[in-house]
Amino acid sequence: MSVNRCMYLFSRLQSHISTRTARVTAGSCHVSSGSAFSHKQHQTGSVVCTRSVSSNSSSQKPLDTSLFVPVSLKTDSPVDGTVGAELTQPLDKSEVLKIMNRFYKRKEMQKLAADQGLDARLFHQAFISFRKFVLEMTSLPAELHIILNDICCGAGHIDDIYPYFMRHAKQIFPMLDCMDDLRKISDLRLPANWYPEARAIQRKVIFHAGPTNSGKTYHAIQRYLAAKSGVYCGPLKLLAHEIFEKSNTAGVTCDLVTGDERTFMDPEGRAAGHVACTIEMCSVTTPYEVAVIDEIQMIRDPSRGWAWTRALLGLCAEEIHVCGEPAAIDFIRELMYTTGEEVEVHTYQRLTPFTVLDEAVDSLSNLRPGDCIVCFSKNDIYSISRQIEARGLQCAVIYGSLPPGTKMSEAKKFNDPDDPCKILVATDAIGMGLNLSIKRIIFNSLVKPNVNEKGEKQMETISTSQALQIAGRAGRFSSKFKEGEVTTMHKDDLPVLKEILSQSVDPIETAGLHPTAEQIEMFAYHLPDATLSNLLDIFVSLSRVDGMYFVCNIDDFKFLADMIQHIPLNLRSRYVFCTSPINKKQPFVCTSFLKFARQFSRDEPLTFDWVCRHVSWPLDPPKNIKDLVHLEAVNDVLDLYLWLSYRFMDMFPDTALVRQIQKELDDIIQQGVRNITRLIRATDPAITDPLQTQGSGRGNTGNASSRGQRGQRGSAEVSSLASRLVRDGLLTPDLLRQLQREWSKVQKQSTNLSRDDMEHHSNNSKGKRKKK
């Protein structure tokens with residue numbers, strides 16, 4: 001190695017150490033029910049880590065003892081029976097109660113217990129359990145009985161109870177005896193050492209950095225196709241499918257591996273040299289010449305970031321090609337210093353420009369061919385698509401819960417120059433995974449529903465990274481529109497959008513980690529009576545991470561664990577079931593998950609006939625939106641079956657048959673989406689454009705009374721507020737109609753009361769005149 005190279009590496013090492021030292025001084029690390037990052041992203045039940053603990057740090061986080069659930073003890077009679085009473089005398093329970101309460105108030109006892117790991121909370125819980133044990137047992141162990149009798153007689157000291165109290169405390173809190181072992185198991189500070197196969201080779205890391213539509217992934221894929229063997233790791237099934245088809249079309253034999261699908265090109269099922277997979281499914285033990293990790297900025301995702309961390313640190317490839325935003329460059333370099341691997345950066349510029357327009361669209365009448373309206377709620381999708389078709393235009397619809405086949409069908413219809421459909425209405429699902437010929441991106445709103453740390457739904461303005469990802473879909477290099485345009489639907493949103501896009505993307509500072517099944521099994525060995533959800537909570541509470549990492553959000557995992565806790569399953573099977581990728585907002589999907597687990601626990605295979613009975617197959621085409629949503633849920637259930645079939649092949653044996661009916665279901669959903677306007681009309685024939693409602697409300701004329709005018713102004717204000725709430729997804733059409741009915745009822749009551757008041761006043765006036 002040259003002298004210059006040595007000096008360069010030494011200078012980088014010095015700056016790296018000084019940077020990390022500064023972070024240790026400035027940072028902090030604690031358990032919270034809130035965020036997984038020190039930034040603006042919050043999720044419940046994760047660990048907040050702000051670059052506080054270096055890999056050499058031995059500091060420990062304060063233990064959250066509220067997670068320790070006491071174990072129920074069996075109240076069997078002691079082996080020595082009534083020996084204690086025979087040697088002394090029966091105990092006076094009232095005197096024993098006084099002794100126990102005096103023991104509880106002893107500060108010296110609380111301090112001794114704290115040294116053994118019992119803080120105030122645990123000490124109180126242990127005492128309550130111990131007191132109940134002493135008072136309710138018909139016969140106590142002989143030694144304890146004799147000690148209590150001596151104290152009652154004045155021959156013993158109250159502190160003599162302490163050893164028996166601690167013995168009981170460790171029985172109901174078994175983690176107190178193995179805390180050191182639990183801390184070692186949950187120590188996540190050196191994740192690079194989890195992958196010895198990758199550490200055994202010298203890998204070359206190439207970072208392809210650039211915005212959307214810059215060709216960064218294209219160059220990485222070209223190297224992938226030229227290699228003798230390779231693996232592509234993408235965030236979506238659609239992207240894995242695209243690379244799978246592109247590779248085989250180019251004459252490079254490639255297999256496909258996703259959570260719910262395996263496609264081997266070899267008739268005998270032998271693995272090809274190349275494989276395209278979703279990132280969670282990549283193998284960290286198979287050697288490759290080239291690996292491509294797409295959308296590396298998702299390494300900070302609060303739920304899925306662990307998969308990018310695992311792939312980056314664990315893939316056994318001579319070359320690792322990483323594609324993503326420039327905001328991740330410095331962090332990936334720093335992460336690779338821990339493995340001793342250098343990062344070569346290739347920077348790309350956008351191939352086609354996009355321009356932020358100075359005018360908003362204002363009205364759907366101003367739409368043009370190639371427009372894509374981006375919404376952040378299904379209600380907006382339904383409302384806008386109906387209004388567009390009411391104007392005699394056709395539109396395609398794409399949102400996240402649609403099956404991949406339906407998304408591709410809608411994208412194909414929109415891209416087809418011979419198809420009359422020239423408008424696209426979509427959610428941010430178009431941000432990645434679909435090639436679309438879009439001229440102009442129109443943001444219908446800049447706020448997106450999110451769940452805060454309390455589990456409450458709230459609206460948040462989209463980030464610069466999200467805005468750029470969506471805006472970058474306008475004017476793609478491979479489409480007929482070589483230049484893109486970006487604007488908003490409403491005037492008030494346009495300056496906000498310009499400000500968002502003018503800001504730089506926040507640099508990535510942390511990478512996600514997740515406890516493995518092996519780590520949880522070791523935890524369960526020490527805590528055999530704890531539930532899986534409780535094991536996860538204790539693991540996260542005790543875990544220690546390097547300042548570059550955070551523990552990913554485990555709320556979805558815990559939700560499923562709690563749902564099937566009452567079902568008898570071994571720990572490994574329970575863990576696998578809880579990693580199922582399901583939408584917990586869909587009641588039918590959750591019910592199906594529960595039935596799958598119950599059937600599995602009985603050791604009864606889930607056959608094709610069983611599945612058909614469960615989902616009521618065959619299904620009719622949807623007649624309204626409710627039917628369409630149910631069909632989407634059924635598709636998710638079939639996805640769940642296929643996902644489990646690759647983990648428990650014997651118990652989910654009819655993969656091919658289920659996949660066949662899923663394709664038929666995809667066709668039925670496609671029909672429904674093509675007729676989505678008719679479905680909306682069938683669901684709610686009275687629904688109208690909130691903006692039109694507002695306009696007509698302002699145009700109404702009533703009687704000349706001031707009360708009537710105030711009522712009209714109130715209606716217009718309510719309508720204006722309603723339009724904003726519906727637009728932002730905070731109010732559904734059903735709730736809007738209910739509020740309108742209640743408002744009309746209140747107005748009618750107010751009018752009746754005013755009439756009664758006037759009549760009463762008139763009668764009083766007449767009475768006074770008569771008296772005069």
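Trainee: What should I know about the model and its numbering?
Mentor: Residues count from 1 along each chain as its sequence is written. The model is predicted, so local features need pLDDT of at least 70 and side-chain atom pairs pLDDT 80 or more, while totals for chains, interfaces and linings use all residues, and side-chain values use heavy atoms, without hydrogens and water.

Trainee: What is the strand order in the open sheet of six strands?
Mentor: β12-β19-β16-β13-β15-β14, with parallel pairing. Strands are DSSP E runs of at least two residues, helices H or I runs of at least four, numbered from the N terminus. Pairing takes at least two DSSP bridges.

Trainee: Which are the edge strands?
Mentor: β12 (354-356) and β14 (395-398). Each pairs on one side only. Twist averages 20° from one strand to the next.

Trainee: How many bridges join β16 to β19?
Mentor: Four. Ile441 stands opposite Val486 in β19.

Trainee: Which strands does helix α16 lie across?
Mentor: Helix α16 (464-471) lies across β12, β13, β16 and β19, at about 140° to β16. Angles run from 0 to 180 degrees between N-to-C directions, with axes fitted to C-alpha atoms, for helices over the stretch in contact. Helix α17 (493-502) packs on the sheet too, touching β12, β16 and β19. Contact means heavy atoms within 4.5 Å.

Trainee: Switching topic. Which residues touch the most other members of the largest nonpolar core?
Mentor: Ile299, Ile332, Phe577, Phe596 and Phe652, out of 163 residues. A core joins buried Ala, Val, Leu, Ile, Met, Phe, Trp, Tyr and Cys through side-chain atoms within 4.5 Å. Helix α24 (625-645) gives the largest share, twelve residues. A separate core has 27 residues, among them Cys372 and Phe376.

Trainee: How many salt bridges are there?
Mentor: The count is 28. The rule is a Lys or Arg side-chain nitrogen within 4 Å of an Asp or Glu carboxyl oxygen.

Trainee: Where do Arg368 and Glu485 lie?
Mentor: Arg368 is in the loop between β12 and β13 and Glu485 in strand β19, so their pair ties together parts 117 residues apart in sequence. The salt bridge is 2.9 Å, N to O.

Trainee: Is Glu485 buried or exposed?
Mentor: Buried, at 17% relative accessibility. Arg368 is partly exposed, at 36%. Buried means under 20% relative accessible area, exposed over 50%, partly exposed in between, using a 1.4 Å probe and protein chains only.

Trainee: What about Asp362?
Mentor: Asp362 forms a salt bridge with Lys491, with closest N and O atoms 3.9 Å apart. Lys491 is exposed, at 58%.
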